[in-house]
Amino acid sequence: MEHERPDVERPESRDLLPVCGVPPTYSPLLSPTRFFPLSGEPSPRQTIKRGKKNRLIRTWYEQRTATTAIGVIVILGVFFLVNWLMLSRLHEGRVWLRKGFIKNPNPFPKWLSSTQNDERQKFGKSKRKHNGTYDRMLGLAAQALLENKREPKELWQEPKAQALAWKPCADQRSWSPNDGENGYIMVTANGGINQQRVAVCNIVVVARLLNASLVIPKFMLSDVWTDASQFGDIYQEGHFINYLSPDIRIVKELPKELQSLDLEAIGSVVTDVDVMKEAKPDFYMKHILPILHKNKVVHFFGFSNRLAFDPMPFDLQRLRCRCNFHALNFVPRIQETGALIVKRLRNSGSYLAPLDVQLLGPKSASSLILDNESDPPAQKKASSSSSSKYLALHLRFEIDMVAHSLCYFGGGEREQQELDSYRQKHFPSLSTLTKTKKFPSPDALRTEGLCPLTPEEAVLMLVALGFNRETRVFVAGAHIYGGTKRLAALTSLYPNLVTKEKLLSPSELQPFKNFSSQLAALDFIGCAAANAFAMTDSGSQLSSLVSGYRIYYGGGKMPTIRPNKRRLSDILLKNNTIEWNVFEKRVRKAIRQTKHVFARPSGRSVYRYPRCKECMCNDHQEH
């Protein structure tokens, strides 16, 4: 069947001459004027030749059109197939990241996997390999610092208009106290000080939910943290009890009639195995409240991340924030020593930051604006710069983090053996999995942003962002894996780098020796009070709690640098070829995108993202 062009008017058939029984035809290539009128008609032979020619042209055109259409369809098909494959792989990777180890013992997608045994001989088959060193880039960073450029303004600032709109208001209450008549809740929280802090505030919410009295929390002795400190060694018990008294009833110990009970025998011990991660309030009402009614006491053992953030009733979520930001104050000796660290970092600066009073207490905070002529020369030298600003860097590069990551950090066979031995001792289940299951290669893990930043990567980020060589840098963290040798790049490029061990005299540090949780509390203070805070691992509890504390009390003036490790890894993997100016622009763009002011996303931690109606009030939203 012939197809007519809609924009060409076809002549009527009576104006055409039928020749040799061949009906008049119409070709899209021929205009109406090409048909032969009755007057001046050609000979039959000429008409037949022209008809054959027209049919040949038409056939060739149709074949070419069909071929072109098939080609376009094939190209589009290939395009959509490639896109579908890429999207499916990306989705598979994201699902893996969300599921984690517990729900799926072999959670890694096939496209990212290789056997761990193979990795022991060669670290993956990724096209972009990482050897753990950045000699070329560190040399370029040193040259950039020598240029002594002016620091970008945004280094020490938050987006003011949006940040200033949020004000703390978790101290506001709209309910009556609970009498705790249903029984008693006990908790022995595991992990380090920061995991324990989260557990304490979560159990406060559970106690209110179940109308139970809360016994002062206890802390579990961990073979990783090796600290026997209890709640009263770190936090002010009296303040905790009194501040939360309008919310829940808190006691120091169980009544005598309950102390003699074998809680395990009567089924009142609840471990992390018994409670799913991120359990919702309904779970506690359905499964825990009946035990409480029956035995009058429930002891939670572990309680790590066992309460969901959403859905959560408004007042219970606000109680969570009230506990974290108002009820947990460090004991005076930690506050006083923390004030010494902050004062020496600020070079005896005569000002108070927005959160100093809440963080340090009124007495210790007031010491920040007084002259301290008694400081030993060593401490004065450590803070010799005239500037009172300082940057805190939480370098989460302790051996537990390094070993658990399964990443490679440039230490060769010795590093592998050392981390394997650590996993066997402290993470036996993970150690077993590495020998029996398929895992991604270290290069694949790094590409996905799943490796902690090394000290070398951290210093490259700081230089690229524009922090000058004179910047005073406070490094928080326990024992950095690799020791002082691993910190060589940081100390070389930033000579005003200090730790709490350098800022405090041996006698000032002595009361905290062998108490890792109390030392971590000093790091918390040093980071929270900083003019700018940079984290190297967003999954770290200390970094999470510090950044949230700075948001809540910082008055929109205390910026936090949160690197997107996946994007940063993509940039760093080009370290053998990338030019410094390109590296600098890409790093700044990546960090700038993480500094936006936004309300807490659903399901995310209120301890880290307190900008939500339950914790903070937004002036712009109210008006």
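Predicted model: local features only at pLDDT ≥ 70, side-chain atom pairs only at ≥ 80, totals over all residues.
Let me start with strand β13, residues 532–535, which is covered on both faces, since A532 and A534 on one side and F533 and M535 on the other are all buried, where buried stands for under 20% relative accessible area, exposed for over 50% and partly exposed for what lies in between, with a 1.4 Å probe and protein chains only. Strands here are DSSP runs of E with at least two residues, and helices are runs of H or I with at least four, both numbered from the N terminus.

Residues are numbered from 1 along each chain as its sequence is written, and side-chain values use heavy atoms, with hydrogens and water left out.

Strand β9, residues 391–394, pairs with β13 in the parallel sense over 4 bridges, and L393 has A534 as its bridge partner in β13. On to strand β14, residues 560–561, which pairs with β13, again in the parallel sense, over 2 bridges, with I561 as the bridge partner of A534. Between β13 and β14 the chain passes through α24, and this β-α-β crossover is right-handed, meaning that, with the strands pointing away from the viewer, the path from the first strand over the helix to the second runs clockwise. The open sheet has 5 strands in the order β12-β11-β9-β13-β14, with parallel pairing. Because β12 (497–498) and β14 stand at the edges with a single partner strand each, one side of each is left without a neighbour in the sheet.

Rings of Phe, Tyr and Trp (for Trp, the six-membered ring) pair if their centres lie within 6.5 Å, and planes under 30 degrees apart count as stacked, over 60 as edge-to-face and the rest as tilted. By this rule there are 20 aromatic pairs. In one of them, the rings of F325 and Y549 have centres 6.3 Å apart and planes at 45 degrees, so the pair is tilted. F325 lies in helix α10 (residues 314–327) and Y549 in helix α24 (residues 541–553), so the pair ties together parts that are 224 residues apart in sequence. Both F325 and Y549 are buried, and both belong to a cluster linked by ring pairs, whose members include F219, F330, F524 and Y553.

Taking a disulfide as a pair of cysteine sulfur atoms within 2.5 Å, the count comes to 3. C169 and C617 form one, with their sulfur atoms 2.2 Å apart, and the torsion about their S-S bond is about 105 degrees, so this disulfide is right-handed. C169 sits in the loop between β2 (166–168) and β3 (184–189) and C617 in strand β15 (residues 616–618), 448 residues apart. A second disulfide joins C321 and C615, with sulfur atoms 1.6 Å apart, and it links helix α10 to the loop between α26 (580–592) and β15, 294 residues apart. Counting bonded cysteines along the chain, the pattern is 1-6, 2-5, 3-4. What keeps C612 out of a bond with C615? The sulfur of C612 is 3.8 Å from that of C615, the closest cysteine sulfur, which is too far for a bond.

Finally, the salt bridges, each a side-chain nitrogen of Lys or Arg within 4 Å of a carboxyl oxygen of Asp or Glu, number 22 in the structure. Among them, E448 pairs with R566, the closest N and O atoms being 3.3 Å apart. E448 lies in the loop between α17 (442–447) and α18 (455–465) and R566 in helix α25 (residues 565–572), so the pair ties together parts that are 118 residues apart in sequence. E448 is buried at a relative accessible area of 8%, whereas R566 is partly exposed at 31%.

Key. Pairing = 2+ DSSP bridges.
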